[in-house]
Amino acid sequence: MVKRGVQQLGSEQVEQLIADYQSGATVCELGDRFGIERRTVSNILHRHGVPMRRRGLSPEQVDDAIHLYKLGWSLSRIGTGMSVTADTVRKRLLEHGVTMRDTHGRPRVKAGGPR
């Protein structure tokens, strides 16, 4: 991950950022576009009273994510396809009782359990 220096956006850039967000751009896309962190984008939007969109997974998407994960897809690949983070996918799968794989694709074994 490349660390970015602190960058101040001018008022025109802030207006453009807000307009782009309201037109459907994601916080991550705007961070990349303006060279700032995702959290900074969120802070700017919050300071300007812009209502935030909650990006999650619908019940149908969770079902699809479970299916794809069981087919061997990575959390990252599923998340990219559904425009959410891998962690969002992971949390929803865990909520639905799906056992996570290790980094080599094997079912995770609890500490102290048989290998």
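A: The chain has six helices and zero strands, where helices (H or I, at least four residues) and strands (E, at least two) are DSSP runs, numbered from the N terminus. Read from the N terminus on, the elements run α-α-α-α-α-α. This is a predicted model, in which local features need pLDDT of at least 70 and side-chain atom pairs count only at pLDDT 80 or more, while totals for chains, interfaces and linings use all residues. Residues are numbered from 1 along each chain as its sequence is written, and side-chain values use heavy atoms, with hydrogens and water left out.

Of the 115 residues, 30% count as buried; buried means under 20% relative accessible area, exposed over 50%, and partly exposed in between (1.4 Å probe, protein chains only).

Now the part in question. Helix α6 covers residues 86–95, and its buried residues are Thr88, Val89 and Leu93. These cover an arc of only 130° around the axis, which puts them on the same side of α6. The arc is that of the directions from the helix axis to the C-beta atoms. As a general rule, an α-helix has 3.6 residues a turn, so residues three or four places apart point the same way. After α6 comes Gly97, with a positive phi near 75°.

What covers the buried residues of α6 includes α4 (59–70) and α5 (75–82). The helices α4 and α5 themselves pack at an angle of about 145°, with their axes 10 Å apart. Axes here are lines fitted to C-alpha atoms, for helices over the stretch in contact, and angles run from 0 to 180 degrees between N-to-C directions. Gln61, Asp64, Ala65, Leu68 and Tyr69 in α4 meet Leu75, Ile78 and Met82 in α5, a contact being heavy atoms within 4.5 Å. The residues of this contact divide into six nonpolar, one polar and one charged. In that count Ala, Val, Leu, Ile, Met, Phe, Trp, Tyr, Cys and Pro are nonpolar, Asp, Glu, Lys and Arg are charged, and the others, Gly among them, are polar.

Gly79 lies in helix α5 and, at 0% relative accessibility, counts as buried. Leaving out residues up to four places away in sequence, Gly79 touches Val84, Thr85 and Val89; Val89 is one of the buried residues of α6. The C-alpha atoms of Gly79 and Ala65, 14 residues apart along the chain, are separated by 8.4 Å, and Ala65 is among the α4 residues that meet α5.
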